[in-house]
Amino acid sequence: MIVLHHLNKSRSKRIIWLLEALGVEYEVRAYQRDAKSSLAPPELRAVHALGKAPVLEDNGKAIIESGAICEYLIGKYAPERLAPATDSDDYIDYLQWMHYAESSCILPLLMRMYIKMDGCETNFLAGYVQQEVEDVINYFNDALEGKTYLVGERLSGADIMMSFIVDILERSGELTAYPNIERYGKTLATHEAFQAAEQKEKALDESAS
C-alpha cells in the first residue's frame, strides 16, 4: 500500500492529484501547519528527519521531494500516459518543466513570501526578488501561448508539477495578470483526478479543524 504523508497547503496536493490520476490504491496521513508559524508539525520528523511533506512510502521505502515522487510514480505506474517517450524532443521539454517548478520558478516566489512574512525593509533583496518573480512567471506564461498543456499537447507530469505554481499565483491574487496561465489553470481544473484531489484535500482540512 502506498502511503502519502500530506501537509495542508503544500506541494503534497500535487501528489494527491497524481495518485488519483494513476488510479492506484493509497492512504493519506494528514498533518496540519501550526496556526501561528505556518510550519509543519513535529510529528512529521518521525516520518522523515527533515520533518517536511510530502513524504511517500512505497514498499517500506520513504521518498521525499515532490519532483522525485512524481518521477518515481510516473515511471512505475504510467510512463507512457503521463510522460513522453524518453527518445523524443518532448522528453527534454518535459524534464525541464519538471525541474523548473522546484528550482528557477519556486525560489523567488518563496523568497517574496518570506520577506512579506518578516515585514522588514530591505536595501536590495525585495526589489531583486520581485523582478525574478516577474521573469520566471512571464516565462511560464509565454511558454503557454497557443498551447493547452506544457508538453506535447497532453497532460503530463510537467503539468502536475507546475500546477502548484498556478495555486500560488491564485492565492496571491495575481493569476489574472497572466492570461495564459489563468486559462491553463482552468484547463487543469477540468480533470476529474484534479477535482478529486481538491475535494480530498478540502475534506482533510475540514476534518482537522
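The second largest pocket is lined by 19 residues, and K13, D167, E170, F194 and E198 lie nearest its centre. A pocket is here an open set of points on a 1 Å grid over the protein atoms alone, with protein on both sides within 12 Å along at least five of seven lines, and lining residues have an atom within 4 Å of a point. The structure is a predicted model, in which local features need pLDDT of at least 70 and side-chain atom pairs count only at pLDDT 80 or more, while totals for chains, interfaces and linings use all residues. Residues are numbered from 1 along each chain as its sequence is written, and side-chain values use heavy atoms, with hydrogens and water left out.

Two or more residues of the lining of the second largest pocket come from each of α6, α7 and α8 (192-208), with α6 giving the largest share, six residues. Helices are DSSP runs (H or I, at least four residues) numbered from the N terminus. The space in this pocket is about 370 Å³, a volume being the space filled by probe spheres set on the grid points, which are joined across faces, edges and corners. Its lining has 10 charged, six nonpolar and three polar residues; Ala, Val, Leu, Ile, Met, Phe, Trp, Tyr, Cys and Pro count as nonpolar, Asp, Glu, Lys and Arg as charged, and the others, Gly among them, as polar.

The largest pocket has a volume of about 1200 Å³. Of the 31 residues that line the largest pocket, K9, R33, L110, M113 and Y114 lie nearest its centre. The elements giving two or more residues to this lining are α4 (106-118) and α6 (157-171), and α4 provides the largest share, seven residues. By class, the lining of the largest pocket comprises 14 nonpolar, nine charged and eight polar residues.

One cavity of 30 Å³ or more is present, a cavity being a set of points where a 1.4 Å probe fits but cannot get out. The largest cavity holds about 60 Å³ of space and is lined by K13, R14, W17, S163, F164, D167, F194 and A197.

Helices α5 (residues 125-143) and α7 (residues 179-188) have axes that come within 7 Å and cross at roughly 65°. Axes are lines fitted to C-alpha atoms over the stretch in contact, and angles run from 0 to 180 degrees between N-to-C directions. In α5, I137, F140 and N141 meet P179, N180, I181 and Y184 of α7, contact meaning heavy atoms within 4.5 Å.
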